[in-house]
Amino acid sequence: MIIKTRFSFLLAIALLSAEFGVAHAQVGSPLPKDVETKLIATLKSDAAFKDKQDACRSLAIGGTKDAVPALAALLGDEKLSHMARYALEEIPDAASKDALREALGTVKGMPLVGVISSVGAEHDTAAIATLAGFLNGGDADVADAAAVALGRIGTAAAAKVLMAAMAKPTPAIYDGLLRVAESLPRKEAAPVYDALRKAPAPQPIRMTALRSAIIARQEQGLPLLMEALRGNDNALTLAAIQAARETTSAGATKALATEIESGKLAADRQLLLVQVLGTRRDKVAAPQLMALARKSEGELRASAVKSLVQIGDAAAIPLLVEFAAASDDDAAKTARAGLVGFKGREAEAPIIAMLQANNNKARLVGADLVIQRRMTGAIPQLLVGATNADADVANASIRALGEIGSNADAPALVKILTDGTSTQAAEGALSAIYARNRDASIVEPISVALPKASTPAKLSLLRVLRRVGGPQALAQTRIAMADTTTEVRDNAIRNLYDWPTPEAVPDLIAIAKAPPASANKVLALRGALRLIPLQTGTPEQKLASVKETLALIERPEEKRLALTALSGIPTAESLALVLQDLANPALKEEASSAAVTIGEQLSKTQPAIVAEAMTQVVKTTGDQKLAKRAQDLGGQK
Amino acid sequence: MTSEENATPKISRRKFLHKSFATGSALAFPLVVSSRVLGLDGAVAPNSKIILGAIGIQHRGMDVLGAMLRETGMQFVAICDIQRKQREAIKAVADQKYGNNDCSTYRDLRELLARPDIDAVLIATGDRWHSMGSIYAARAGKDVYTEKPVGTCVAEVQAVDDTVRRHGRVFQVGTQRRSINNFQTAVNLAQSGKLGKIHTLHAGIVRPGGGRQWLPEQPLPPKEEVDWDLWLGAAPWRPYNAGYVSGGWRGFDDFDSGFGVNEWGSHTVDLCQWANGADDTMPVEYWTEPEKIVCRYANGVKLVLDFLKDPFGDRSPQYITAMGTCPVRYEGDEGWVETGDSGNIEVSNAALKSELLALKRAGAGTDPGTHTSNFFQCIRSRGLTNANSKTMRHSHITCHAAAIAWKLNRKLTFDPAKELFVNDDEANRMLSRPTREPWKI
């Protein structure tokens, strides 16, 4: 199987050996032998640095032990030592490791620093004694590299060497010890961390050593953790806090929670510990945190509530419900957010119970929580709340019905609307249900209620119909336009001006032709012209509608709307109509624009007509870009 | 404190570093815990200022440093850059802000890191220094905010996470979208189950590329003006060309990360990892398809890295262009959500739209403000940042693994526990790049 890769190094290989344009007979296989041979030859030659560098890169990906001698010979080369290591570290053969170790005794200066790093990367335990010798040499860079390499090797023997070097510590010794300790069994690591935390080391080293000493000891580290938590050294307290967050000790949560319960910690430390208990997400701490939340106040209480939310113990739900409805402080807000995000359904029954509580605050908060959790199971309780004597509770319940309800809830909302107590809220809820679900059958209960509704209720229902649009809603609106009450008739007509769907075009044109006393001819015309482009009929049918309006238009403002409507009708007749306005100084630019738009749609089928029209446009318009478009359609200057 | 301008010439750098570290003064570490002192309400105790240094600040770095300078309770005291003009430019910004001449300048980051008074550093160099700078800073006991991507290879990513955790440092990678609410909202939707069972995650990325070519050699400038050796850092040596230093280093394998996959992938793949609840793992299979790299998690969820034909312009058809740069899209069997740097979110249906009602208007996805605030809060509480080293490790290695699959142009299987490809020596030999001396991970 030949696999093409995107390696540019293949190009380099190709330069070395023209017969190789693709490579690798198998997945992950070494380089073809003759390619490797040529790359090795490049390393041994007086080729340019770049060529040798590229050879090393290619050997890093596909070289074998055969390349090791040539690469090892470059380890002492100031310029190429790095690239030799670049390949040697990647060749998975003991010969590479041997070559790097042997170079420890031969290379000097910066190349030696690099070789030491590679020996560390290879985890070469056979090199520990040699590396130990470098720790006390005169070259600080070499000593630093040896300390880091010993840390990477990570054995007890390496740890012993580094511990001995603590007599004259350096940053690299500290780092090496921290690193080596990670690889040791916990029992062996703890004394290393102890040595570091007790050393006259910089504060960050002592902090992380303390943290690691606590974590390494597991249960036995808890007394050390508590000592630092209670101690006077703020830096070590923060290290203990970090350890408290990270330790996997089985008893840590209980111990920390007990410390909270004791009340012995200073307030600032207590607050940090409460936050830590939240991040541990261990239910063991829930009782102490609940107790603390009840007896504390302010920020500490809010933090305790937040931690309970993070832990997610259902046992805390009653407390969250209680706090959520108790006030509007941070603890209450945190409790509400916790109830909204509480995973699973265990929070839902308590939230529904809030809707039935005796205090209105709980009902209001409950309605909001129902919305945010999208709890359709609470609809029966919301319907009850919607008729509550308290207007705030009723309105909040109705709003919630609008946010999560469906058309099945529309009859109840229509009834609430027509009953007259919460008309505005119910109108909003019906509109919200339609906006979310886009199901026009919501018109049905409205149609049933309209004839017997009071005037204010009728006006409200008509506004809902106007938002819904469509033929059923329009039919009801038409009936209302003949209502015995003037206010209802006038409102029904006004609703048509903003009707969202094109079925209303004939009605609007009819109003424009013979406006009733209260009607506005201009608004009717504008409404019709807005809806004509939305009509689904043939271009000829749309054109007929526009022509009806043209006969009624008296002002340039509406004429411009008509031109816009015509621009969407690609017929020769609409083009001719548009051209009539080229001579009108007030409309010539809009007419030109409409003509070009029509022309672009019509040019393939009626090029001659379009070209002639475009010539008129070119001569009329002052818009250079428009003129160019017209010329592109055959218009002549 | 010593700066390159006023260093005592008789003490060598090595001696200076060892001396300053060994005698490192015990910092007055304030136990700062209340929200007032944590800076949550803008108030800070008088003695609890975090002392900050910065390394390699240019355009993006200035965005981040600017956000940090707006923080209360922080004092910026030192800039390190291998270019003199940049050192001076950033010093001027700091000195103007504080009305003094106190900002120290350094050419070599090791000297800045040796200052015991500095608590934290911002690293905003090119990619090749993000990992090495973070490692050296963590070893020196500094908390680290570094720009992404971290690590030009998998081994460097691992070393950053290991070192940061070993030294107990607070670490934030500059994948600031983790701290921006439209991205958080989209992740919440994915994790809430409201999209149904998640089956595909889409991450927009810049088309991969790169190579081993060199720019033509130019005369080496004086070290004080541009320290070319330090600019290269741990990368293989090559001759100087001003083009690299002025920002034209992208597209060169030695300096880029994951053949360019990590450039946006460190953001968008990271967000997908988060949405999938996969912060502690990685996909197990990687393969290429036309204009994309596809990955599969052990639970069957697909992660698709889409190559955008015009990342900064038309992002169709894979994404809604209006969502902006760094787009992500999470698809479940009941709906989808898509967002990007514009702050807008689009969802598949009206029911999901209602989930967005509470979403506060998001800022631009490139704004680092909330992310840097999170960093400073965690410095004080020693808490985990939003984009900590562990989550960074998994998302960045995912990008690298995808990039290697693209480079080899074949399907690869990956073991997330061992962080190795399965039965593929060639791919595994691409996971690390030995560092140039004296730099070591």
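Visitor: In which sense do strand β4 and strand β5 of chain B pair, and over how many bridges?

Guide: In this predicted model, where local features need pLDDT of at least 70, side-chain atom pairs pLDDT 80 or more, and totals for chains, interfaces and linings use all residues, strand β4 (residues 120-123) and strand β5 (residues 143-146) of chain B pair in the parallel sense over 4 bridges. One bridge joins B:Leu122 to B:Tyr145 in β5(B). Residues are numbered from 1 along each chain as its sequence is written, and chains are lettered from A and ligands numbered from 1 in the order in which they are written.

Visitor: What makes β3 and β6 of chain B edge strands?

Guide: The open, parallel sheet of chain B has the order β3-β2-β1-β4-β5-β6. Strands β3 (104-106) and β6 (171-173) each pair on one side only, and therefore count as edges. A strand here is a DSSP run (E, at least two residues), and a helix is one of H or I with at least four, numbered from the N terminus.

Visitor: Which strands does helix α2 of chain B lie across?

Guide: Helix α2 (residues 59-69) lies across β1, β2 and β4 of chain B, at about 150° to β4(B). Contact requires C-beta atoms, placed from the backbone, within 7 Å; angles run from 0 to 180 degrees between N-to-C directions of axes fitted to C-alpha atoms, for helices over the stretch in contact.

Visitor: How many residues does each chain bring to the contact between chains A and B?

Guide: Chain B brings 46 residues and chain A 64.

Terms used:
Pairing = 2+ DSSP bridges. Contact = placed C-beta atoms within 7 Å.
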